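Thanks for taking a look at this one with me. Here are my notes on the ligand site, point by point.

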Amino acid sequence: MSVILGIDIGGSGIKGAPVDTTTGRLLKERHRIPTPDGAHPDAVGGVVAELARHFGLGGPIGVTFPGIVQHGRTLSAANVDDAWIGLDADALFTEATGQAVHLINDADAAGLAEARFGAGAGVGGTVLVLTFGTGIGSALIHNGILVPNTELGHLWLRDKEAEGWASDRARERDDLNWKQWSKRVSTYLQHLELLFSPDLFIIGGGVSKKADKWQEHLKLERSRLVPAKLLNEAGIVGAAMMAQGNAGQNDGGNPPATPASGPKPASKAARKK
Ligand code: BGC
């Protein structure tokens with residue numbers, strides 16, 4: 001058994017729990033601390049350190065982030081403070097906790113966990129996990145291997161960005177009933193189906209616990225579609241899985257080497273969308 005602390009940074013709460021990464025099970029009840037106002041990196045680092053102290057587990061820590069994460073740097077900030085853009089967040093959190101911290105995009109974490117222990121367990125080929133909440137997150141997994149930072153919520157469909165048009169926030173903002181929202185989501189999914197031919201779509205995020213409202217309305221041409229299974233545990237589990245992978249690949253749990261030029265933030269147009 002390998003036990004790693006997984007932490008999920010969300011818009012309203014930052015949640016953590018120790019995860020058995022061989023089974024994907026949480027070994028203790030999740031502990032939740034409200035996200036500090038404005039979610040500034042220093043304040044969030046303080047909460048991550050508090051969660052680390054709360055569980056008192058040694059070793060690496062995996063943390064999710066709702067934006068692009070490349071080689072430990074956070075490179076976009078669609079729904080969080082601009083101060084994250086270009087920040088070496090792995091280093092900031094490692095200093096705050098005194099433990100090796102590795103960040104991963106929130107949807108990538110959820111995708112890893114769903115593909116291995118949740119709705120995608122045992123499914124080969126291409127699995128596309130999409131999370132619908134404030135934004136739309138995406139995780140592309142082929143035979144268990146993640147292609148990180150796909151950011152498919154920012155895909156443009158004619159003159160509309162998918163996230164602004166078909167997220168759960170858009171459903172609430174435009175006062176859509178589930179059938180109307182599902183029509184938008186079907187348009188989006190059919191386009192993704194054309195681009196990636198997934199064997200399986202997994203629909204996660206806040207809407208996954210209301211699958212009875214939308215599942216029958218989503219129409220695809222060729223792929224199977226199922227709701228996510230791990231619900232609000234997926235991010236925590238996936239973050240821990242990733243931190244363990246990092247710890248195994250690098251001596252001392254150091255993050256992968258950063259290319260000499262360093263990763264660059266996403267273009268201005270992309271990173272705030
Ligand atoms: C961000 C993604 C994130 C998704 C869900 C989007 O706005 O760009 O990185 O995965 O929201 O939080």
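1. Where does the ligand lie relative to domain 1 and domain 2? Domain 1 (3–105 + 235–249) and domain 2 (109–232) both contribute residues to the shell, so the ligand lies between them; the bounds come from an automatic or database domain assignment.

2. A word on the basis: this is a predicted model, where local features need pLDDT of at least 70, side-chain atom pairs count only at pLDDT 80 or more, and totals for chains, interfaces and linings use all residues. Residues are numbered from 1 along each chain as its sequence is written, and side-chain values use heavy atoms, leaving out hydrogens and water.

3. The residues around the ligand (a heavy atom within 4 Å) include P66, A78, D106, I136 and E151.

4. Taken alone, the ligand exposes 310 Å², of which the protein buries 92% (Shrake-Rupley method, 1.4 Å probe).
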